[in-house]
Amino acid sequence: MLPQEKARRHTPEEYLELERQSDVRHEYYEGEIYAMAGETLKHSQICVNLAREVSSQLKGKPCQALSPNMKVRAQTKGLFAYPDLTVVCGEPIFHDQKRDVLLNPRVIFEVLSPSTERYDRTMKFFKYRQEIQDLTDYIIISQDSAFIEHYEKQADGRWVHTVVGGLENVLNVASINCVLSLAEIYDRVEIAAEEILTEE
């Protein structure tokens, strides 16, 4: 993710006007607009596998999976982002009549990239957990190792961090009643034997 022109800060309204006319996706963070880099083969494979597994388990249920083209907005409008996969439960709530900016995601999945990993783990997650009341789960997925980190919101507001590693294990996302096999998420993804991590 690379910053665009930094001559001045942009308002959320300016960002949306530019973004809705752009052929390239951008994210917005506190006045700055960032172009999103293209994805690697591994990143693309994981995203498709993840969407397939989550969507199939949500079929016929009140929750649904949304593609990476759906923007998500933090409450104060300081962040507009494109998660790799978003799950919304019940009636989606949108920023405006364009219905392309979601306000009430239940679960957000991000597949890590070297250029965005620090941002996904820190500033973006801070905005997500502080400013999206409906969010219960933030899940970050390594593209180089069979390794997933799950941040889960508790009833008292605390976020609990757990890790799942190894192709033989599963990720349980209780809030949407999904049990996701790492073998399926990493199907066809080339991972060297030394990169396959196991849960401690």
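**Cysteines of the predicted model**

**View 1. The disulfide of cysteine 63 and cysteine 89.** The sulfur atoms of cysteine 63 and cysteine 89 lie 2.0 Å apart and form a disulfide (a pair of cysteine sulfur atoms within 2.5 Å). By this rule the count is 1 disulfide. The link of cysteine 63 and cysteine 89 is right-handed, with 105° about the S-S bond. This is a predicted model, in which local features need pLDDT of at least 70 and side-chain atom pairs count only at pLDDT 80 or more, while totals for chains, interfaces and linings use all residues. Residues are numbered from 1 along each chain as its sequence is written, and side-chain values use heavy atoms, with hydrogens and water left out.

**View 2. Strands β4 and β7, which hold the bonded cysteines.** Strands are DSSP runs of E with at least two residues, numbered from the N terminus. Cysteine 63 is buried at 11% relative accessibility (buried means under 20% relative accessible area, with a 1.4 Å probe and protein chains only). Cysteine 89 is also buried, at 14%.

**View 3. Cysteine 178 and its closest cysteine sulfur.** The closest cysteine sulfur to that of cysteine 178 is in cysteine 63, at 8.0 Å, which is too far for a bond. Cysteine 178 is buried, with 1% relative accessibility.

**View 4. Cysteine 47 and its closest cysteine sulfur.** For cysteine 47, the closest cysteine sulfur is that of cysteine 178, 16 Å away and too far for a bond. Cysteine 47 counts as buried at 11% relative accessibility.

Key: Helices (H or I, at least four residues) and strands (E, at least two) are DSSP runs, numbered from the N terminus. Buried means under 20% relative accessible area, exposed over 50%, partly exposed in between (1.4 Å probe, protein chains only).
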